[in-house]
Amino acid sequence: MHIPDGYLSPQTCGVLGAAMVPMWVTAGRRVRKIVKSRYVPLVAVGAAFSFLIMMLNVPIPDGTTAHAIGATLVAVVLGPWAAVVAVSIALLIQALFFGDGGVLAFGANAFNMALVAPFVGYGLYRLLARRAPLTAPWRAIAAGIAAYAGINAAAFCAAVEFGIQPDLFHRADGSPLYSPFHLSQSIPAMMFAHLTIAGLVEGVITAGVVAYLARANLPLLRINHQAVPETEADKAPPRRLGWRWALIGLGVMVLLTPLGLLAPGGAFGEDAPGELDLGRYGLRAVPAGLEKYSSFWSHTLLGGYGFNTGDHAVIGYLVSAVVGIAVIAVGVLAAFGVVRLLRRDRRGSGDDELRGVRT
């Protein structure tokens with residue numbers, strides 16, 4: 001679902017990127033109200049979880065691959081606006097350091113996976129769960145169903161973005177400038193992969209983690225469920241695992257990431273220009289815009305989650321996972337640190353103005 005550079009026109013990338021700017025600003029403001037200082041590392045954990053789960057490609061029966069996102073899970077635990085921040089950071093790190101998703105297309109990818117997926121998923125979760133106790137099995141099931149819907153909504157948006165390009169941006173002879181996929185091709189391909197496999201993986205993981213937290217760390221679920229009334233079961237002393245559960249969980253996911261190398265083929269719409277099957281789409285040459293913008297960003301640290309030589313793929317995948325987590329953690333903590341300093345400066349200037357009025 002990571003759209004590379006060149007498949008979307010600069011106009012499309014610009015519109016979707018501009019649409020995300022107010023979303024990011026609003027997300028920053030909303031997250032500060034819900035996520036208190038001691039829970040800030042949880043946003044980093046959410047971003048790292050999303051980053052790692054997107055590295056785990058799973059095979060699709062048609063020969064392509066797909067992956068989960070983790071957006072609805074972050075939305076359930078910390079709220080949808082925290083999911084916007086966490087998934088956006090994961091996508092940005094993937095694009096800049098690993099070449100997974102385009103830099104020009106970052107706004108489009110964030111729109112699909114960091115906005116549509118968590119809000120659709122969280123909205124359905126709230127509708128299904130209603131006021132069910134946090135320890136009720138139905139709440140975990142509702143989270144799984146919602147996650148399935150959220151990732152498929154994101155996939156549909158990506159399919160539409162791919163599919164409208166040939167009609168909107170083409171040469172005089174009708175040949176496409178960017179994506180060569182029409183809606184009749186992009187929608188079936190994207191939706192088949194996510195309705196059959198990727199959505200199920202997303203739903204099972206989300207339901208499993210929510211069920212686990214309901215038993216092992218209920219206070220964590222309570223962060224974003226203050227309005228849910230407590231039951232006697234909720235009041236029982238929980239088995240607290242502190243931060244160990246997060247570190248152990250991320251460590252296990254890092255070790256599992258090389259499993260993504262076992263999936264044959266690649267994801268639909270992520271082929272490099274030289275790998276595009278021109279005959280399949282009735283083309284004689286790679287679309288000019290795709291050729292031009294596909295190499296827009298060439299400064300990846302570990303392109304394709306591996307070394308430039310292509311050797312030691314498993315080690316490269318593990319190193320990429322560790323580097324990605326480290327960069328995400330530093331980025332999230334630095335962002336919240338800057339926000340905190342700005343808030344202090346504003347308070348300080350406000351106090352100085354009040355002193356001046358009083359004197």
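**Helix packing and residue exposure in a predicted model**

There are twelve helices and two strands in the protein; helices (H or I, at least four residues) and strands (E, at least two) are DSSP runs, numbered from the N terminus. This is a predicted model, in which local features need pLDDT of at least 70, side-chain atom pairs count only at pLDDT 80 or more, and totals for chains, interfaces and linings use all residues. Residues are numbered from 1 along each chain as its sequence is written, and side-chain values use heavy atoms, with hydrogens and water left out.

Q: What makes α3 oblique to α4?
A: Helix α3 (residues 71-78) and helix α4 (residues 80-98) pack at an angle of about 135 degrees, with their axes 7 Å apart. Axes are lines fitted to C-alpha atoms, for helices over the stretch in contact, and angles run from 0 to 180 degrees between N-to-C directions. Angles under 35 degrees count as roughly parallel, over 145 as roughly antiparallel, 65 to 115 as roughly perpendicular and the rest as oblique. The angle of about 135 degrees therefore makes α3 oblique to α4.

Q: Which residues meet where α3 and α4 are in contact?
A: From α3, the residues are A71, V74, A75 and L78; they meet P80, A82, A83, A86 and V87 in α4. Contact here means heavy atoms within 4.5 Å.

Q: Why is H194 called buried?
A: Buried means under 20% relative accessible area, exposed over 50%, and partly exposed in between (1.4 Å probe, protein chains only). H194 has a relative accessible area of 3%, so the residue is buried. H194 is found in helix α7 (residues 183-216). Leaving aside neighbours within four places in sequence, the contacts of H194 include M1, A66, Y148 and N152.

Q: What makes V330 exposed?
A: The relative accessible area of V330 is 58%, so V330 counts as exposed. V330 lies in helix α12 (residues 313-358). The C-alpha atoms of V330 and A44 are separated by 8.4 Å, although the two residues are 286 residues apart along the chain.

Q: What share of the protein is made up of buried residues?
A: Of the 359 residues in the protein, 48% are buried.
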